[in-house]
Amino acid sequence: MKAIGMLLVSCGLLLFGSASPLRAQERPETDGNEIELWTAGGHGTNGTAQHTGVWTAGFRYGWIITAPHGPGLLRGRFEYAVDAVPVFVVFQRSNTAFGAAINPFGLIWDFDTHGRVVPYIELGGGALFTNTQVPAGTSRINFTSAGAIGVHFLSGKVNWTADVRLMHISNSGLQALNPGINTVQLRLGIGWFTHHHR
């Protein structure tokens, strides 16, 4: 777990260190970046895991890759993001698991709006490492996949983010027993959209 923690801290310093030649701006912009600190909490939804709780905290670095595309209300920009999650707590009936995760696959569609609210949709996933088995009796190594619908609230240089996400936690067959956990979570964040000096 210490090695995983050091890896996540190193990734975070690298990501935030690479933001030094960037300037803050109000909204997503082509060739810009997103930097965000966030926390999320939620609850299991299925069978024996419905009494399982999850709390996470982490940071995101995203790259806004495209100019606006698409018709009418669907018009938006594609963003790729990486989340480092140094705090991942799973509250189970049998125990509480503490861990960390890395989510290298964040695919985000930031809708192109002209107001102070920018909706987005997201699909992502990664790996979770815990000090005890999640769910109990399965594996300490799991994989996560998630889908989210959210909004950025633009307020000058600092922006607020809120989304509702569905997250699936599963060992993907690393162990014979693989019941998985489905959760519904609320995620809140504070962040910045940046662009390179020109």
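Which residues have the most contacts inside the largest nonpolar core? The views below start with the overall chain and then return to this core.

This is a predicted model, in which local features need pLDDT of at least 70, side-chain atom pairs count only at pLDDT 80 or more, and totals for chains, interfaces and linings use all residues. Residues are numbered from 1 along each chain as its sequence is written, and side-chain values use heavy atoms, with hydrogens and water left out.

**View 1. The chain has one helix and nine strands.** Helices (H or I, at least four residues) and strands (E, at least two) are DSSP runs, numbered from the N terminus. Along the sequence the pattern reads α-β-β-β-β-β-β-β-β-β. The chain holds 198 residues, and 44% of them count as buried. Buried means under 20% relative accessible area, exposed over 50%, and partly exposed in between, with a 1.4 Å probe and protein chains only. A contact means heavy atoms within 4.5 Å. Among contacts between residues at least 6 apart in sequence, 63% join residues at least 24 apart.

**View 2. Phe88, Val134 and Ile169 have the most contacts inside the largest nonpolar core.** A nonpolar core is a set of buried Ala, Val, Leu, Ile, Met, Phe, Trp, Tyr and Cys residues joined through side-chain atoms within 4.5 Å. This core has 15 residues. Strands E2 (33-44), E4 (76-91), E5 (96-111) and E8 (158-170) each give two or more residues to it. The largest share, three residues, comes from E4. Beyond its neighbours within four places in sequence, Ile169 is in contact with residues including Val54, Phe88, Leu128 and Val134.

**View 3. A cis peptide bond joins Val134 and Pro135.** Omega is about -20° here. Pro135 lies in the loop between E6 and E7.

**View 4. About 160 Å³ of space lies in the largest cavity.** On a 1 Å grid over the protein atoms alone, a cavity is a set of points where a 1.4 Å probe fits but cannot get out, and lining residues have an atom within 4 Å of a point. Grid points are joined across faces, edges and corners, and a volume is the space filled by probe spheres set on the points. Of the 20 lining residues, Asp83, Asn103, Arg165, Met167 and Arg187 are the closest to the centre of the largest cavity. E4 gives the largest share of this lining, four residues.

**View 5. Thr66 sits in the loop between strand E3 (53-64) and E4.** Thr66 counts as buried because its relative accessibility is 18%. A polar atom of the Thr66 side chain lies 2.9 Å from the backbone nitrogen of Phe78. Leaving aside neighbours within four places in sequence, Thr66 is in contact with Thr30, Arg77 and Phe78.

**View 6. Trp192 lies in strand E9.** With 28% relative accessibility, Trp192 counts as partly exposed. Trp192 and Asn33 are 159 residues apart along the chain, yet their C-alpha atoms are separated by 8.2 Å. Asn33, Glu34 and Ile35 are among the residues in contact with Trp192, leaving aside its neighbours within four places in sequence.

**View 7. Asp31 has a positive phi, near 65°, and is not a glycine.** Asp31 is in the loop between strand E1 (22-25) and E2. Its relative accessibility is 52%, so Asp31 counts as exposed. Ser172 also has a positive phi, about 50°, and is not a glycine. Ser172 is in the loop between E8 and E9. Ser172 is exposed, with a relative accessible area of 51%.

Terms used
Polar contact = N/O pair within 3.5 Å; in protein donor to acceptor, adjacent residues only side chain to side chain. 1 Å grid on protein atoms, 1.4 Å probe; cavity = no way out; pocket = protein on both sides within 12 Å on 5 of 7 lines; lining within 4 Å.
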